[in-house]
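This briefing covers one chain, from its overall build to a few individual residues. Please read it with the sequence and the model in view.

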Amino acid sequence: MHEIHIGHLSEFPERRGKVVRIGELELAMFRLSDGTVKAVENLCPHKSGKLSEGIVCDHHVYCPLHDWKIDLQDGMVQAPDDGCVRTFEVEVGDSGQVFLKMNNTATKVS
Ligand code: FES
C-alpha cells in the first residue's frame, strides 16, 4: 500500500464533493462536518450517477439521480435499496495534508 498526496484540507469544501482522478479511476472525495475526509468511487451502483454531485448529510451521500443513500464510511447502499461502492482509505496529516492510501500502482493524480 502506498500514499498519494491529494492536496490540503482547505481545498475540500465541507460536505461538497471533489472529483479526483487517479489513472483510470475517478473518485468522489468529501470533507465531512466532523473534519474527516472520505473517498468513494464516483459511480453510483444503481445507474452510474456521479456521487460527487450528491447531497451530503452526516456521513451519507444521496445520489443526485435517484436519491439512493450511500454510507461514505463503508460504501454500503442503505435500505430499501441495495449495493455498494468502492471506498478508499484517506489520511489527514497534522498539517492538514490529505493522502489517499492505495494498494495498486496508480499514482498520477489529476
Ligand atoms: S444512479 Fe444513483 S440512485 Fe440511480
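Two strands count as paired if DSSP finds at least two bridges between them. The model is predicted. The chain has nine strands and zero helices, and its pattern along the sequence is β-β-β-β-β-β-β-β-β. Since its radius of gyration is 13 Å, close to the 13 Å that the globule rule gives for 110 residues, the chain is as compact as a globular protein of that length.

**Overall dimensions and packing**

- The C-alpha trace spans about 40 × 30 × 20 Å along its principal axes.
- Buried residues make up 25% of the 110 residues of the chain.
- Of the contacts between residues at least 6 apart in sequence, 45% join residues at least 24 apart.

**The six-stranded sheet**

- Six strands form an open sheet in the order β1-β9-β8-β4-β3-β2, and the pairing is antiparallel.
- The edges are taken by β1 (2-8) and β2 (17-22); each has a single partner strand, so one side of each lacks a neighbour in the sheet.
- On average, neighbouring strands of this sheet are turned by 30 degrees against each other, direction ignored.
- Strands of a sheet pair through backbone hydrogen bonds, in either a parallel or an antiparallel manner.

**β4 and its two partners**

- β3 (residues 25-31) and β4 (residues 37-41) run antiparallel and are joined by five bridges.
- Within this pair, Leu-27 stands opposite Glu-41 of β4, and Phe-30 stands opposite Lys-38 of β4.
- The hairpin of β3 and β4 has five residues between the strands, and Gly-35 there takes a positive phi near 90 degrees.
- β4 also runs antiparallel to β8, with two bridges joining them.
- Val-40 has Thr-87 in β8 as its bridge partner.
- Four of the five residues of β4 are buried, leaving the strand mostly covered.

**Ala-79 and its loop**

- Ala-79 lies in the loop between β7 (69-71) and β8 (87-92).
- Is Ala-79 buried or exposed? A residue is exposed if 12 or fewer other C-beta atoms lie within 10 Å of its own; Ala-79 has 7 such atoms within 10 Å, and is therefore exposed.
- Ala-79 and Trp-68 are 11 residues apart along the chain, and their C-alpha atoms are separated by 8.9 Å.

Notes. Residues are numbered from 1 along each chain as its sequence is written. This is a predicted model: local features need pLDDT of at least 70, side-chain atom pairs count only at pLDDT 80 or more; totals for chains, interfaces and linings use all residues. A residue is buried if 20 or more other C-beta atoms lie within 10 Å of its own, exposed if 12 or fewer, and partly exposed in between; C-beta atoms are placed from the backbone. Axes are lines fitted to C-alpha atoms, for helices over the stretch in contact, and angles run from 0 to 180 degrees between N-to-C directions. The radius of gyration is taken over C-alpha atoms; the globule rule is 2.2 Å times the number of residues to the power 0.38. Two residues are in contact if their C-beta atoms, placed from the backbone, lie within 7 Å.
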